[in-house]
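Work through the exercises below with the sequence and the model open. Each task is followed by a solution in steps.

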Amino acid sequence: MGEIIFDKSRKNLKKVYNRIQSVNFAKDVDYYIDKVLFLAIGGYNRTYELLVAMGLKQEDIVTFSNLNLSQQFLNETHGKKAIYLKKINYVTKVGYFQDFSKKHLDLNVADSFEENLMVYEHAQRTVGVGKKTKPWKKPNIVVMDDPSLNLQYEGHRFYYETNIGFVQMKNKNADPNAIVEEIKPVEEAPKMMFAMYQENRVDEAEILDGLNNLRKAAYLQIGEDWAMNPSEYKKVLGSNRLASRLKEIDELGIYQLKNNKRIGYKNARWIIIPTKAFEFKGFNYKDESDLFQEEIEMEEEQEQAYIQEQERRLNEILSVELPLNVKQGWRGNQMDSSVVTLQGFLDDVDSVESEKINGIELLEGATTKEEYDMIKKNNLAYFLDGNYQNNQRRDENYQGGRRLLSIDVDDGDYERKQIEQSIENQGLFALVYPTPKYYFDESKRWRIILMADKAMDKEQYKETIGGVGKMLNLDIDNASKKVSQLMGYPLAEKDISILNGSMVSVDQFHVEQPKTIAKNVLPMKKSAKTLADFNHPQARLLKQVLDGGIREGERNEIYRQVYMYLRDTLNNPELEAWHDEAKELIETTKQQAEVDGLPEKEIEVIFR
């Protein structure tokens with residue numbers, strides 16, 4: 001397996017090894033003009049011995065704790081081949097308190113050290129006095145001994161001096177000669193590379209030895225697992241530190257029971273060791289690029305899951321069967337009826353236009369407002385969902401079944417993207433397409449079709465269409481609030497935008513009519529009743545959230561419904577007594593959504 005973590009670390013070390021072994025370096029010539037190699041060796045206790053094993057003689061190495069270019073430093077390093085930089089802390093400082101000490105990142109220390117590296121790399125000095133003055137021959141290998149791994153403490157990385165090679169050993173006391181043999185067949189790095197330290201705190205070799213000892217000592221088997229008495233477990237491992245560390249390693253799955261349990265003739269809080277723990281061969285070390293790739297893959301999985309959920313919701317809406325009535329021209333009340341899905345309706349748009357209507361050609365050919373009005377009156381197609389007695393389009397004939405909500409945006413020169421953004425901000429499904437005026441004179445006029453979550457009666461339709469208009473900040477004319485109002489058929493499928501989102505909740509727009517209050521009785525301003533206690537579908541969903549969250553597969557839609565309920569409460573002056581509670585519940589349900597495992601991006605979309 002080798003002692004060096006990451007192949008790039010081996011290449012960094014090989015680059016230094018090759019320089020040590022080079023002919024020019026071995027002979028006393030101008031090797032000092034070569035680019036300085038900075039190498040940090042982390043998690044290792046025998047760095048000096050390693051330098052010697054790589055080919056340096058002791059007289060070639062000079063040891064310092066800093067790179068301050070004092071005269072003494074210049075004199076002692078002149079003509080040497082390597083500086084062995086041995087420090088306790090490179091980028092951290094320690095605060096000492098009465099009962100404890102605490103190490104933390106100190107950017108002043110880190111920045112100062114980085115500046116020293118940069119100055120040293122390009123510094124030119126002289127040594128000697130008077131006629132004996134000569135150019136300073138600086139060592140072009142600087143090895144930073146970093147056994148405590150604090151050059152990357154708290155994720156710190158150097159910002160300017162990035163030509164530092166990092167090497168980390170698995171075993172703090174690995175044989176230097178074995179490390180040299182490990183790098184001999186490796187190609188050197190083209191330039192010194194960053195390699196992220198892996199903080200395992202306990203040597204991998206020590207972990208493997210501990211697991212081997214546990215395997216030999218374990219005798220009480222329960223299914224696929226093994227059980228050991230806690231004191232016996234510690235005794236076998238030989239230290240509390242290793243005993244605790246093994247329970248922290250996810251790959252092993254070792255844990256202790258929370259309560260005493262009788263197994264055989266013994267009663268104890270057993271340590272449970274899965275058989276897979278004994279198959280552990282070493283850590284799967286992950287460098288920065290590996291972790292970045294994992295993040296990308298995780299994001300892709302989340303995005304794909306989100307896309308699939310959106311597709312599912314869209315297909316659910318498009319597959320809703322509607323009792324659909326159609327007619328050509330808006331004159332008269334007689335309609336032709338059939339049952340279609342919304343997807344079927346969309347699929348038929350172009351054939352209706354090409355085979356029956358030819359509306360785009362007629363509208364583009366019209367030259368006057370009168371011609372335009374006649375085409376709308378007699379030629380264009382209209383539709384209306386719902387059941388009507390004898391297929392006669394009158395409010396009094398309405399028998400239920402209406403699900404579609406139509407809004408015409410005839411005021412203001414809104415761009416399509418403005419309309420769509422307003423709908424997307426509410427998280428609603430919608431169809432958006434141009435009205436006939438667009439094809440007549442390119443006016444920015446749009447029709448919005450939304451889907452209600454259930455069939456509406458006349459009063460519900462009026463409440464819901466009005467509520468949606470306020471939600472989207474659009475004026476709805478009174479004609480659109482009639483349950484028998486015709487909707488203009490789309491003229492081209494390519495001009496229809498399909499916005500993914502939720503159906504409109506009918507119940508959220510229903511307002512209980514206040515009961516008549518006697519003149520000498522003041523209305524209540526406060527109530528002991530909470531928002532979760534109302535006899536309301538969304539209130540029941542709120543109660544479900546507060547009682548322990550929502551199971552996977554239903555979370556997005558339910559949290560969306562709950563948020564709309566709380567938001568509508570805040571927007572209703574008649575419910576002022578519950579405004580503070582609604583604000584608190586919005587934050588509470590956000591937190592519960594996180595607990596339920598919803599990703600941050602989805603929570604932002606739901607609660608926007």
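The exercises that follow concern a predicted model.

**Exercise 1. Salt bridges and burial**

Task: State how many salt bridges the structure holds, then classify Glu49 and Arg46 by accessibility.

Solution. The structure holds 27 salt bridges. One of them joins Glu49 to Arg46, with the closest N and O atoms 2.9 Å apart. Glu49 has a relative accessibility of 40%, so Glu49 is partly exposed. Arg46 has 24%, so Arg46 is partly exposed too.

**Exercise 2. A pair within a helix**

Task: Find what separates Glu420 and Arg416 along helix 15, and decide whether Glu420 is buried or exposed.

Solution. Helix 15 spans residues 416–425, and Glu420 and Arg416 are four residues apart in it, which means a separation of about one helical turn. Their side chains meet in a salt bridge, at 3.8 Å from N to O. Side chains of opposite charge can pair when their charged atoms come close. The limit for buried is under 20% relative accessible area. Glu420 has 14%, so Glu420 is buried.

**Exercise 3. Two arginines in contact**

Task: Compare the charge partners of Arg567 and Arg560.

Solution. Start with Arg567. The side chain of Arg567 meets that of Asp568 in a salt bridge of 3.9 Å, N to O. Asp568 is buried because its relative accessibility is 15%. Arg567 is buried as well, with a relative accessible area of 13%. As a separate case, salt bridges with shared partners link Glu309, Arg312 and Glu316 into one network.

Now take Arg560, which lies in helix 19 (residues 555–571). Arg560 is buried yet has no salt bridge. A salt bridge requires the nitrogen and the carboxyl oxygen to be within 4 Å. The nearest side chain of opposite charge to Arg560 is Glu557, 7.0 Å away. Beyond its neighbours within four places in sequence, Arg560 is in contact with Asn425, Gln426, Gly427, Ser502, Arg567, Val605 and Ile606.

**Exercise 4. Surface patches**

Task: Which residues make the patch of negative charge, and which make the nonpolar one?

Solution. The patch of negative charge on the surface gathers Glu295, Glu297, Glu299, Glu300, Glu301 and Glu303. Take Glu301, which is found in helix 10 (residues 288–318). Its relative accessible area is 59%, so Glu301 is exposed.

The nonpolar surface patch is made by Met118, Tyr159 and Tyr160 and has an area of about 400 Å². Met118 belongs to helix 5 (residues 107–122). A patch residue needs over 30% relative accessible area. Met118 has 32% and is partly exposed.

**Exercise 5. Contacts of a helix residue and a loop residue**

Task: Locate Thr47 and Asn89, and list the contacts of each beyond four places in sequence.

Solution. Thr47 is placed in helix 3 (residues 47–53). Thr47 counts as buried because its relative accessibility is 0%. With neighbours within four places in sequence left aside, Thr47 is in contact with Ile41, Tyr84, Val143 and Asp145.

Asn89 lies in the loop between strand 3 (82–86) and strand 4 (92–96). With neighbours within four places in sequence again left aside, Asn89 is in contact with Val94, Lys103 and Asn150. For Lys103, 14 residues from Asn89 along the chain, the C-alpha separation from Asn89 is 9.7 Å.

Notes
Residues are numbered from 1 along each chain as its sequence is written. This is a predicted model: local features need pLDDT of at least 70, side-chain atom pairs count only at pLDDT 80 or more; totals for chains, interfaces and linings use all residues. Side-chain values use heavy atoms; hydrogens and water are left out. Patches are made of residues with over 30% relative accessible area and no salt bridge: like charges are joined within 9 Å, nonpolar side chains (Val, Leu, Ile, Met, Phe, Trp, Tyr) within 5 Å. Accessible areas come from the Shrake-Rupley method with a 1.4 Å probe; for residues, only the protein chains shown count as cover. Lys and Arg count as positive and Asp and Glu as negative; His and the chain ends are not counted. The place of a charge is taken as NZ of Lys, CZ of Arg, CG of Asp or CD of Glu. Helices (H or I, at least four residues) and strands (E, at least two) are DSSP runs, numbered from the N terminus. Buried means under 20% relative accessible area, exposed over 50%, partly exposed in between (1.4 Å probe, protein chains only). Contact means heavy atoms within 4.5 Å.
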